[in-house]
Amino acid sequence: MTPVSYFPHKNNEMYVDDIAISDIAKQVKTPFYCYSSTAIETSYQEYKNAFSAQDALVCFAVKANSNQAVLATLAKLGSGADVVSMGEIRRAIAAGIPANKIVYSGVAKSQEEIHYALSLGILQFNVESEPELELISKVATSLNTTAAIAFRINPDVCAQTHAKISTGKAENKFGVPISKARIAYNQAAALPGIKIQGVDVHIGSQLTSLAPFAEAYQRIAELVTELRSDGHDISVVDVGGGLGITYLDEVIPSKQTYAEMVKAQLGHLNCKIILEPGRSLLGNAGILVSSVAFVKNGEERQFLMLDAGMNDLIRPSMYDAYHQIIAVNKGERELKTYDVVGPVCETGDTFAKARQVHESDAGDLIAIMSSGAYGAVMSSSYNTRLLAPEVMVKGSEFAVIRKRPSYEDIIKQDITPSWL
Ligand code: LLP
């Protein structure tokens, strides 16, 4: 799936399914996020098909996009959820994802969160440290229940991705070092309220090559064999997420090739495979639509000033991430070179430098592509800007799936103390 697969231009006008983006923009003011339900469904089915020969469960990484409509779309197709907080568990359950398809990751789970997850009977806790294991044991015992666990193993593999989204090196905060894994599992076996079920690994996000995955999974396979010889019953391997997407011209291995690699590395273990994809399911299923506020002729550069800012989509400022920027109506216009910036009072509020975009004027619509994952979920109301609404399209219908709040909604959350 490329950034434009589900947002093609027809007669120079960008569409999503059967609807022109400009028709949505007439009813929902910019900026707004727009998702294609068809793209999400197709992407999920690609995973299902790729893994049809294996006992595998797709648990969508809710952190990538936690809108109820997105989760309900995936729930209907049979998806589970990978969650990292009480809030994400609640969102998954509310959208119809059953507890027995929920895996719970995260480095600092609280007692309250563990209690809640145990009371629901989730599929698996992915345990990131020994103290966390002890807390889970304590809470499970107090509830007279048993927690099914996997340790998240840190395999010390370089994911070859952006440092801020790389998680599988020994210096990262995630998981139990592979060198200490056998000791950790032996400790777990001795604790009440704990049922050892599997092994979990997640080495990073936006991986464009299979090699780091293969290296990590090979180490995990060796570990599973060792753990079994230590007497532990390992029936699940959670392989995490991380498969990248095309933002510009990255060539990403297909889900089919990924599945074959998983089978080659882990198939002989006869374990159930859990997958935690986020970006590869949602990334290219969504865009951020904004309008040109002004075109400013600077001394050295032309600025395309948008009504969307870093508060709406923080990836370019935070990770220097590349997102294609495309005029919704290309018309007969020529390409021009712009710095594409937002309205927030920071120089970092820049989507792209020296980027070719079809010549645009104030009021023209601009699409920031590949924004379906880690877009809306990371947005904020910095500068007291209203959170951008989200829209989902299916065929010739569209629905606002998160509405724009009002200024009153925002201001009334603050409480002025009685002494003022
Ligand atoms: N499982 C675990 C335990 C994770 O930490 C993550 C992502 C995933 C699964 C899903 O990974 P994916 O398939 O989406 O690569 N905000 C960053 C990405 C942070 C990813 C954090 N963990 C960005 O915008 O690039």
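**View 1. F174 lies in the loop between β9 (147-154) and β10 (176-177)**. Strands (E, at least two residues) and helices (H or I, at least four) are DSSP runs numbered from the N terminus. This is a predicted model, in which local features need pLDDT of at least 70 and side-chain atom pairs count only at pLDDT 80 or more, while totals for chains, interfaces and linings use all residues. Residues are numbered from 1 along each chain as its sequence is written, and side-chain values use heavy atoms, without hydrogens and water. Leaving aside neighbours within four places in sequence, F174 is in contact (heavy atoms within 4.5 Å) with V107, E128, R152, N154 and T167.

**View 2. The largest pocket is lined by 31 residues**. A pocket is an open set of points on a 1 Å grid over the protein atoms alone, where a 1.4 Å probe fits, with protein on both sides within 12 Å along at least five of seven lines; lining residues have an atom within 4 Å of a point. K63, T167, F174, H202 and Y374 lie nearest the centre of this pocket. Helices α10 (279-282) and α11 (315-319) each give two or more residues to the lining. The pocket lies between domain 1 (9-36 + 283-411) and domain 2 (105-277), because both give residues to its lining; the domain bounds come from an automatic or database assignment.

**View 3. Helix α2 (residues 37-50) crosses helix α9 (residues 255-266) at roughly 35°**. Their axes, lines fitted to C-alpha atoms over the stretch in contact, with angles running from 0 to 180 degrees between N-to-C directions, come within 9 Å. In this contact, S43, E46, Y47, N49 and A50 of α2 meet K255, Q256 and A259 of α9.
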